[in-house]
Amino acid sequence: MKAIQLVTNTIEIPFEKDGEVLFTLHFDRTDKNKKRLQKSFKDLEEKMNELEKKSEDDVTIDEGVAFLKDTADKLLGVGSFDKMYEVNPSFEIVAKYLYLIMIG
């Protein structure tokens, strides 16, 4: 019988600029991690609901950044937000990065 090639449980998410990989984030797609994420998404949903209750003008950039940091670090590991924000210190841009990762 031919050997079965193991499938990796990690999805690599490279960030490039001008064809050069600046850093790579990783998503662990094990069942254990998915269960952990399901629990943490409840907390994030509550925080998001709190922000949505405020008008757009009342939500500070710092509140938005804190929410994104919490989301990114729970989804991709501690320090993930900092890596994205370091290469592009814009709340809106990092939010787009996270959106692309989530739909990917």
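Select Asp-73 and Lys-69 in helix 2: they sit four residues apart, so about one helical turn separates them. Helices here are DSSP runs of H or I with at least four residues, numbered from the N terminus. This is a predicted model, where local features need pLDDT of at least 70, side-chain atom pairs count only at pLDDT 80 or more, and totals for chains, interfaces and linings use all residues. Residues are numbered from 1 along each chain as its sequence is written, and side-chain values use heavy atoms, leaving out hydrogens and water.

**Stop 1: the salt bridges.** Stay on that pair. Asp-73 and Lys-69 form a salt bridge, with the closest N and O atoms 3.3 Å apart. The term means a side-chain nitrogen of Lys or Arg within 4 Å of a carboxyl oxygen of Asp or Glu. Asp-73 is buried, at 14% relative accessible area. Lys-69 is partly exposed, at 30%. Buried means under 20% relative accessible area, exposed over 50%, and partly exposed in between (1.4 Å probe, protein chains only).

Asp-82 is partly exposed, with a relative accessible area of 38%. Shared partners join Lys-69, Asp-73 and Asp-82 into one network of salt bridges.

Next, select Lys-74 and Asp-70. Their closest N and O atoms are 3.7 Å apart, in another salt bridge. Both residues lie in helix 2, four residues apart, about one turn of the helix. The structure holds three salt bridges.

**Stop 2: the largest pocket.** Select Met-48, Leu-51, Phe-67, Leu-68 and Phe-91. Of the 20 lining residues, these are the closest to the centre of the largest pocket. Helix 1 (31-53), helix 2 (61-76) and helix 4 each supply at least two residues of the lining. Helix 1 gives the largest share, six residues.

Stop 3: Finish on helix 4 (residues 91-103), where Leu-100 is found. Leu-100 is exposed, with a relative accessible area of 54%.

Terms used: On a 1 Å grid over the protein atoms alone, a cavity is a set of points where a 1.4 Å probe fits but cannot get out, and a pocket is an open set with protein on both sides within 12 Å along at least five of seven lines; lining residues have an atom within 4 Å of a point.
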